[in-house]
2 protein chains.
Amino acid sequence: MNTDNQSIDNILTRTSDRCFDVNAGVSETDITAVLHAAMAAPTAVNKRPWHFVVVRDRRLLDRLADALPYCQAARKSPVAIVACGDSRRFLPGDDASLWVQDLSAASENILLAVHALGLGAVWTSVYPHADRMEAVSDILSLPVERKPFNVIPIGHVDRTHKPFDKWDPGCVTYL
Amino acid sequence: MNTDNQSIDNILTRTSDRCFDVNAGVSETDITAVLHAAMAAPTAVNKRPWHFVVVRDRRLLDRLADALPYCQAARKSPVAIVACGDSRRFLPGDDASLWVQDLSAASENILLAVHALGLGAVWTSVYPHADRMEAVSDILSLPVERKPFNVIPIGHVDRTHKPFDKWDPGCVTYL
């Protein structure tokens, strides 16, 4: 689909990037912009039940890559954002699990902001796997209320690959 | 935060809109662009476990507003997208619940694309509430494999209200 809308094009051209130039850093300004985007996501009852850990320590990035499946990208990235739920702000009852939806929306904002800045990233799942959550909590020494949700390695990438078109009109019903 | 990046500004200025001009329609072209954005979201193992129901039928929109808490916006919107999981494409084992994260990322793309088009929308939760899921399934006559996730009323809004800044540096740790 071709549009002349820059924000929609940014959504349509985002891809999962796993291979970074480990020698090319990501500026503090860019990370701050990405975190602003994360916190602009909608949350149920405006609870904002999140905490973001920005990991630049090479040893910690390598340990995350060692501990998690599908997270080899962290070995080559200069920085990763670990999105966490903050259980002190989870809703009661049946709504308790809505933090997962809130963190997912914030994570998508992170990916889109990263792409808008000409960088690349990939969402690697941690939650709901108890073993992965425990490993990340241990590596980052997270307090008990912070529930690691995913790890998003970020870096400079070769921009020559094309996003593939996932549009499928069979996935739509009109009523 | 002020940036000169249009895509990031679009993320930062999005708000939840609940009050629409019911007489101002939303074009087929705009809905198609929004659905393309939805399907550009990342999904675990690229499963794309989704289906989107576009509801324009006034009677159905009113019934959704009647049946769901927090969904009064559907009464004033000319169209709503009901994002559903497709259980035939859910992953096995512990990864089964990842469809919730996938649908959340797609829903955020819907909200951002709507905003980029100068329209407004609001994410109203259905999942994980069994009673709400049953009500939506009944109203829209969904087949059993389609799990209603949320209802997103969309329409033309008065653009004079300002998004509030949710940035909180206390929600970030640097390692």
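Guide: Pro128(B) sits in the loop of chain B that runs between strand S4 (124-125) and helix H6 (130-140). Helices (H or I, at least four residues) and strands (E, at least two) are DSSP runs, numbered from the N terminus. The model is predicted, so local features need pLDDT of at least 70 and side-chain atom pairs count only at pLDDT 80 or more, whereas totals for chains, interfaces and linings use all residues. Residues are numbered from 1 along each chain as its sequence is written, chains are lettered from A and ligands numbered from 1 in the order in which they are written, and side-chain values use heavy atoms, with hydrogens and water left out.

Visitor: What makes the peptide bond from Tyr127(B) to Pro128(B) cis or trans?

Guide: Its omega is near 10°, and the bond is cis. In chain A, a cis bond likewise joins Tyr127(A) and Pro128(A), with omega about 10°. Pro128(A) is placed in the loop between strand S4 (124-125) and helix H6 (130-140) of chain A.

Visitor: Why is Arg48(A) called partly exposed?

Guide: Buried means under 20% relative accessible area, exposed over 50%, and partly exposed in between (1.4 Å probe, protein chains only). Arg48(A) has 23%, and is therefore partly exposed. Asn46(B), at 33%, is partly exposed by the same test.

Visitor: How do you know whether Arg14(A) is buried or exposed?

Guide: The relative accessible area of Arg14(A) is 6%, so this residue is buried. Arg14(A) lies in the loop between helix H1 (6-13) and H2 of chain A. Leaving out residues up to four places away in sequence, Arg14(A) touches residues (contact means heavy atoms within 4.5 Å) that include Glu108(A), His115(A) and Lys166(A), and also Ala40(B), Ala41(B) and Pro42(B).

Visitor: Why does Gly155(B) count as buried?

Guide: Its relative accessibility is 0%, so Gly155(B) is buried. Gly155(B) belongs to strand S5 (residues 146-155) of chain B. Apart from neighbours within four places in sequence, its contacts are Phe20(B), Val26(B), Pro78(B), Leu119(B) and Gly120(B). Gly155(B) and Asp17(B) are 138 residues apart in sequence, but 8.7 Å apart from C-alpha to C-alpha.

Visitor: How many aromatic pairs are there over all chains?

Guide: Rings of Phe, Tyr and Trp (its six-membered ring) pair if their centres lie within 6.5 Å; planes under 30 degrees apart count as stacked, over 60 as edge-to-face and the rest as tilted. By this rule there are 12 aromatic pairs over all chains. In one of them, Phe90(A) and Trp99(A), the ring centres are 4.8 Å apart and the planes stand at 10°, so this pair is stacked. Phe90(A) and Trp99(A) form one aromatic cluster together with Trp123(A), Tyr127(A) and Phe149(A).

Visitor: Why is Trp99(A) called buried?

Guide: Trp99(A) has 6% relative accessibility and therefore counts as buried. For chain A as a whole, 57% of its 175 residues are buried.

Visitor: What makes chain A as compact as a globular protein of its length?

Guide: Chain A contains six helices and six strands. Its radius of gyration is 17 Å, close to the 16 Å that the globule rule gives for 175 residues, so chain A is as compact as a globular protein of that length. The radius is taken over C-alpha atoms, and the rule is 2.2 Å times the number of residues to the power 0.38. Along its principal axes, the C-alpha trace of chain A spans about 50 × 45 × 30 Å. Among contacts in chain A with a separation of 6 or more, 78% are between residues 24 or more positions apart.
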